[in-house]
Amino acid sequence: NNLEVLIMGRPRIAILGRIAESTSVTRHDGLVTALRLAKAVWEAGGEPLTFLPVAGTDLSERLAGIDGILMPGGGDVNPNRYGQEPTTDRIYGVVDVQDATDIEVFNFAVENGIPLLAICRGFQVINVAQGGTLVQDMTIPHKHHLETMHVTEPELLGLEGGDVLASCYHHQCVDKLGDGLEVIARAAAGHVEAFRVDAPAWTMGVQWHP
């Protein structure tokens, strides 16, 4: 890996930036990337690049030279995106331009064979983009929660065993599964925790935080 990086340069990984109302180092709204995710990409040999959410842009231009996409966690998807009105006041962090950009980037990645990993919110975005729906507020939210995931195809996620203890932080989950998604992991409670996307390139979604 180190030799490949020296010869070829680091693969450029676009991490979809998340809009934050306030951060400790900005006076106004911030654009954030989780440090642990960026470090994980770096330590794996990649170059993490934060991608500004702007809807309706020329993605062939913006993603030129990008080798992979990481769609991370964040706020909730607007229920209007899956044909519902909000049914709970627990929905948080809805940013319409974020939803639009995430869905456009996902569709572009699939159509153009760019590898993509979606985590938590990103996992939910893909389900919605594929025509699925979400449980707006789980009866038992999985926040600050460790859960054993039963993985049917661990090799697709680079795992050695069929069960993995995972860190969860979500209050929503898949209700109706979207089209073209193959479930490859479930929580002990039964809800979907990972899927493979029917796409030309490696395209996976996990509900937990690796």
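Guide: Quick ground rule: "buried" means under 20% relative accessible area, "exposed" means over 50%, and "partly exposed" is what lies in between, with a 1.4 Å probe and protein chains only. This is a predicted model, where local features need pLDDT of at least 70, side-chain atom pairs count only at pLDDT 80 or more, and totals for chains, interfaces and linings use all residues. Residues are numbered from 1 along each chain as its sequence is written, and side-chain values use heavy atoms, leaving out hydrogens and water.

Visitor: Why is Thr133 called buried?

Guide: Its relative accessible area is 13%, and the cut-off is under 20%, so Thr133 counts as buried.

Visitor: Where is Thr133 found, and what does it touch?

Guide: Thr133 is in the loop between helix H5 (121-129) and strand S7 (134-135); helices (H or I, at least four residues) and strands (E, at least two) are DSSP runs numbered from the N terminus. Leaving aside residues up to four places away in sequence, Thr133 touches Tyr82, Gln84, Asn127, Cys173, Val174, Asp175 and Lys176, contact being heavy atoms within 4.5 Å.

Visitor: What makes Phe123 and Phe195 a stacked pair?

Guide: Rings of Phe, Tyr and Trp (its six-membered ring) pair if their centres lie within 6.5 Å; planes under 30 degrees apart count as stacked, over 60 as edge-to-face and the rest as tilted. Here the centres are 4.4 Å apart and the planes at 15 degrees, so the pair is stacked. It links distant parts of the chain, with Phe123 in helix H5 and Phe195 in strand S12 (residues 192-197), 72 residues apart. Both Phe123 and Phe195 are buried, and the structure holds one aromatic pair.

Visitor: How do you know that Arg10 lies over the face of Trp42?

Guide: A charge sits over a ring if NZ of Lys or CZ of Arg is within 6 Å of the ring centre and within 35 degrees of the ring normal. Arg10 lies over the face of Trp42 at 3.5 Å from the ring centre, and Arg62 lies over the face of Phe51 at 3.9 Å.

Visitor: Zooming out, how many helices and strands does the protein chain have, and why is it called as compact as a globular protein of that length?

Guide: The protein chain has five helices and 13 strands. Of the 210 residues, 44% count as buried.
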